[in-house]
Amino acid sequence: MKIARFLDTHGTIHLGTPIDAGHARRLGGHLYEGLTETTDEIAVARWLAPIAPVNVYGIGLNYRAHAEETGAAIPANPVVFMKPTTAITDPGEPIILPNACEHGPEVDYEAELAVVIGRTARDVPVASALDYVLGYTCANDISARRWQKEGGAGQWIRGKSFDGFCPLGPVLVTADEIPDPQSLSVTCTLNGERVQTGHTSDMIFTIAELIAFLSRDTTLLPGTLIITGTPPGVGFARTPPLFLSAGDRVKVEIERIGALENPVVQAMKGTM
């Protein structure tokens, strides 16, 4: 099932299955307790990120080819950071270049497969880890590189935490439709030019291994979002570097899920 989250013309939030660009069939029930199909067709005023996550975990350097392009060693354990939930951006909504990026262009794209946990997980073994997955969606782990590398005292989270730095969507595809998450192509297109091409089979740590690692002595609640690393082609690793600018359009596409596209704008002075 493909699940979308959206606002109707009265401002009410619904879950539904998309019919076309402006309509969806409403789903009843609760995302984490079970959904039921209805015959209600609703006009969509705005598509939203498919979930409002309770926590957002990020994984760095999880594609072998990406580690190679950055000159980093293959990590022995997953590199983990977090993003605030205020970083979530809806499909089609702008990625805002922060005024805090005052030393020149530094905001980068990162196409990523996102995993949504569907039931409480703690100390989950690798063999059963995928049983805890509700579904998958597309994410863009937007990163301000100077803040990531120099402005956060060695911690990545500051450069990845500005408002809107985690576009998500357009739909959540339930896990039954993607039995093997290590079999998906991942791409990123900037202004119509392909800049990232990868495949989840290149992950250093599989989705199951990431869930097992993150859940060790740590409770992953339903609605936990895990963004699982990016393939090669990121802007800062290019010669010359390629960073996002106002007026750009960036699109993340993942096989069997769909395309997440967002414009890029500059923050108004005094707002970010």
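Good morning. The model is predicted, so local features need pLDDT of at least 70, side-chain atom pairs count only at pLDDT 80 or more, and totals for chains, interfaces and linings use all residues. Residues are numbered from 1 along each chain as its sequence is written, and side-chain values use heavy atoms, with hydrogens and water left out.

Let me begin with the domains. The domain assignment, which is automatic or taken from a database, divides the protein chain into domain 1 (2-48) and domain 2 (55-266). A related range comes from UniProt: an unreviewed entry lists residues 56-265 as "domain: Fumarylacetoacetase-like C-terminal". UniProt positions are given in the numbering used here, feature names are shortened, and annotations may be inferred rather than shown by experiment. Over residues 56-265 the chain is 10% helix and 35% strand. Helices (H or I, at least four residues) and strands (E, at least two) are DSSP runs, numbered from the N terminus.

How many residues of domain 1 are in contact with domain 2? There are 9 residues of domain 1 in contact with 17 residues of domain 2, where contact means heavy atoms within 4.5 Å. The C-alpha centres of the two domains lie 25 Å apart. Between domain 1 and domain 2, about 990 Å² is buried, and carbon and sulfur atoms give 56% of that area. Buried area here is the accessible area (1.4 Å probe) that two parts lose on being put together, summed over both. On the side of domain 1, Lys 2, Ile 3 and Tyr 32 supply 58% of the area buried against domain 2, more than any other three residues.

The count of salt bridges between domain 1 and domain 2 is 2. A salt bridge is a side-chain nitrogen of Lys or Arg within 4 Å of a carboxyl oxygen of Asp or Glu.

I turn now to strand pairing. Strands of a sheet pair through backbone hydrogen bonds, either parallel or antiparallel. Two strands are taken as paired if DSSP finds at least two bridges between them.

Strand 9 and strand 19 (residues 258-266) run parallel and are joined by 3 bridges; Ile 95 stands opposite Val 264 in strand 19. Strand 19 then pairs with strand 18 in the antiparallel sense over 6 bridges, and Pro 263 in strand 19 is the bridge partner of Arg 249. Strand 18 and strand 19 form a hairpin with 3 residues between them, and Arg 256 in the turn has a positive phi of about 75°. Further along, strand 15 (residues 185-190) pairs with strand 18 (residues 249-254) in the antiparallel sense over 5 bridges. In that pair, Thr 187 stands opposite Glu 253 in strand 18.

Another antiparallel pair is strand 3 (residues 23-30) with strand 4 (residues 34-43), joined by 7 bridges. His 23 has Ala 43 in strand 4 as its bridge partner, and a hairpin of 3 residues joins the two strands.

Next, some backbone details. Most residues other than glycine have a negative phi, and most peptide bonds are trans. Where do cis peptide bonds occur here? One joins Gly 169 and Pro 170, with omega about 5°, and Pro 170 lies in strand 14 (residues 166-174). The peptide bond from Thr 239 to Pro 240 is also cis, with omega near -5°; Pro 240 lies in the loop between strand 17 (224-227) and strand 18. Asp 123 is not a glycine, yet it has a positive phi of about 55°. Asp 123 is found in the loop between strand 11 (111-117) and strand 12 (133-140).

Finally, the structure holds 14 salt bridges. One of them links Lys 83 and Asp 141, with the closest N and O atoms 2.8 Å apart. Lys 83 lies in strand 7 (residues 79-83) and Asp 141 in the loop between strand 12 and strand 13 (143-144), so the pair ties together parts that are 58 residues apart in sequence. Glu 93 forms another salt bridge, with Arg 46, and there the closest N and O atoms are 3.9 Å apart.

Thank you for your attention.
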